[in-house]
Amino acid sequence: MTAIELLTENALIQDFLRRVANGLRALDDPEKEDILAEIGSHLRDRVEELRSQGAPHPAEQAVAGLGDPAELASQFVASAQQRRASRSYAPWILLRAGARIALSGGKGMLVFLVAVIGYGGAVAFLVGAILKPFLPQMGLWVGNWGMVWGLKSDAVSGHELLGQYFIPASIVLSFVFASGCTLLLQRLTRPAGRLLNRVVP
Amino acid sequence: MYVTMLRTGNDRDGRWEAQLRKGSLDLALLAVLWEGRLYGLEILRRLEKVAGLEVAEGTLYPILMRLKQDGLFKSTWVEAQAGHPRKYYWLTPAGRQRALDMAKTWNLFSQGISSLLARVKDGAKE
């Protein structure tokens, strides 16, 4: 094997690893380096194996065997984000994992909708509590037309049930929605929830 | 293709076989590491040699990562005397237990299906 052939092989492997690395930007550096080291090690093993079998272009074949580098990277990222979400209390991490999961099928989409409704409800209750001092017509209104949590139209009759208790009640409901949604998402993004594992053929 | 093995039937689009293999890949990986630690390419070759399973190379490593995250595998880098370092995997106690549980489930399922298939075979003779 000539020095030029060796350089070409190394360049092919480095180029593949660089493209995988581009897709791993969402991961922490140690995690990314570990994945790249393992892929690099695999490629060197494959090149040796193919060369011993007399393959004409071992590096090209080894790289081709791993498929599209972006797709490979996305599978690692999906796994890592799912694990991170299952341990996180941060809504944006849970929502990001939920969005990725939503792409994996109907059940995943349901999970994402639950996340959006859960956090959306939490925000709505909190906004209601903040606005109450400025908007007296904010409250829990009942009438012969039903019940409304929020602003009642002046055009319809009804009476308000909570008064100033509307603020603590809204804060409690906001907390219940946010924490309930967080716990549900953690549970659903846990690795044991196999339906959420994105398996790409 | 996720995993391939010798085609034996008329499953023309291969969808059923692909689903079957996909569903059994975790068990295959747990089983292949039962006797000791192996690195990526060794795992692929062992699966191929012992079970006739050809797992796509790009598929293996994310799955190994997931099973490690699940606490079923552990891994460590080992410097080779000649050549490059390799990342070896082995089963944790939880992984061994999971392998036993899955093997038990697999055997029960397989026996049930085999009983049904025996009738299918008998029916073919009629």
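These legends walk through several close-up views of a predicted two-chain model. Local features need pLDDT of at least 70, side-chain atom pairs count only at pLDDT 80 or more, and totals for chains, interfaces and linings use all residues. Residues are numbered from 1 along each chain as its sequence is written, while chains are lettered from A and ligands numbered from 1 in the order in which they are written.

**View 1. Chain A at a glance.** Chain A has seven helices and three strands; here helices (H or I, at least four residues) and strands (E, at least two) are DSSP runs, numbered from the N terminus. Follow the sequence and you get α-α-α-α-α-α-β-β-β-α. Of the 201 residues in chain A, 29% are buried. For that label, a residue needs 20 or more other C-beta atoms within 10 Å of its own; 12 or fewer makes it exposed, anything in between is partly exposed, and C-beta atoms are placed from the backbone. Among the contacts in chain A with a separation of 6 or more, 54% link residues 24 or more positions apart. A contact means that the C-beta atoms of two residues, placed from the backbone, lie within 7 Å.

View 2. Three strands form an open sheet in the order β2-β1-β3 (chain A), with antiparallel pairing. Strands count as paired if DSSP finds at least two bridges between them. β2 (146-151) and β3 (159-160) of chain A sit at the edges with a single partner strand each, so one side of each has no neighbour in the sheet. Two bridges hold β1 (residues 138-143) of chain A against β3(A) in the antiparallel sense. Look for A:Trp141, which stands opposite A:Glu160 in β3(A).

**View 3. Around A:Ser179.** You'll find A:Ser179 in helix α7 (residues 166-188) of chain A. A:Ser179 counts as partly exposed because it has 13 C-beta neighbours inside 10 Å. A:Gly118 is 61 residues away along the chain, yet its C-alpha atom is separated from that of A:Ser179 by 8.9 Å.

**View 4. Where chain A meets chain B.** Each chain brings 19 residues to this contact: 19 residues from chain A and 19 residues from chain B. On the chain A side, α2 (29-52) and α4 (69-87) each supply at least two residues. α2(A) gives the largest share of that side, seven residues. By type, the chain A side splits into seven nonpolar, seven polar and five charged residues. In this scheme Ala, Val, Leu, Ile, Met, Phe, Trp, Tyr, Cys and Pro are nonpolar, Asp, Glu, Lys and Arg are charged, and the others, Gly among them, are polar.

**View 5. The largest nonpolar core.** This core has 38 residues, and A:Leu24, A:Phe76, A:Val77, B:Leu29 and B:Leu64 touch the most other members. A nonpolar core is a set of buried Ala, Val, Leu, Ile, Met, Phe, Trp, Tyr and Cys residues joined through C-beta atoms within 7 Å. Elements that each supply at least two residues include α1 (3-23) and α3 (58-65) of chain A, along with α1 (15-32) and α2 (40-51) of chain B. The largest share, six residues, comes from α4(A). Beyond its neighbours within four places in sequence, B:Leu64 is in contact with B:Phe73 and B:Tyr89. Apart from this core lies another, of 10 residues, among them A:Phe112, A:Tyr119, A:Ala122 and A:Phe177.

View 6. An open sheet of three strands runs in the order β2-β5-β4 (chain B), with antiparallel pairing. The edge strands, β2 (38-39) and β4 (73-78) of chain B, pair on one side only. Two bridges join β2(B) to β5(B), and B:Leu38 stands opposite B:Tyr89 in β5(B). α3(B) packs on the sheet, touching β4 and β5 of chain B, and its direction makes about 120° with that of β4(B). Axes are lines fitted to C-alpha atoms, for helices over the stretch in contact, with angles from 0 to 180 degrees between N-to-C directions.

**View 7. Two crossing helices in chain B.** The axes of α1(B) and α2(B) come within 10 Å and cross at roughly 100°. That makes α1(B) roughly perpendicular to α2(B), a label for angles of 65 to 115 degrees; under 35 is roughly parallel, over 145 roughly antiparallel, and the rest oblique. B:Ala28, B:Leu29 and B:Val32 of α1(B) make the contact with B:Ile43, B:Arg46, B:Leu47 and B:Ala51 of α2(B). Those residues divide into six nonpolar, no polar and one charged.
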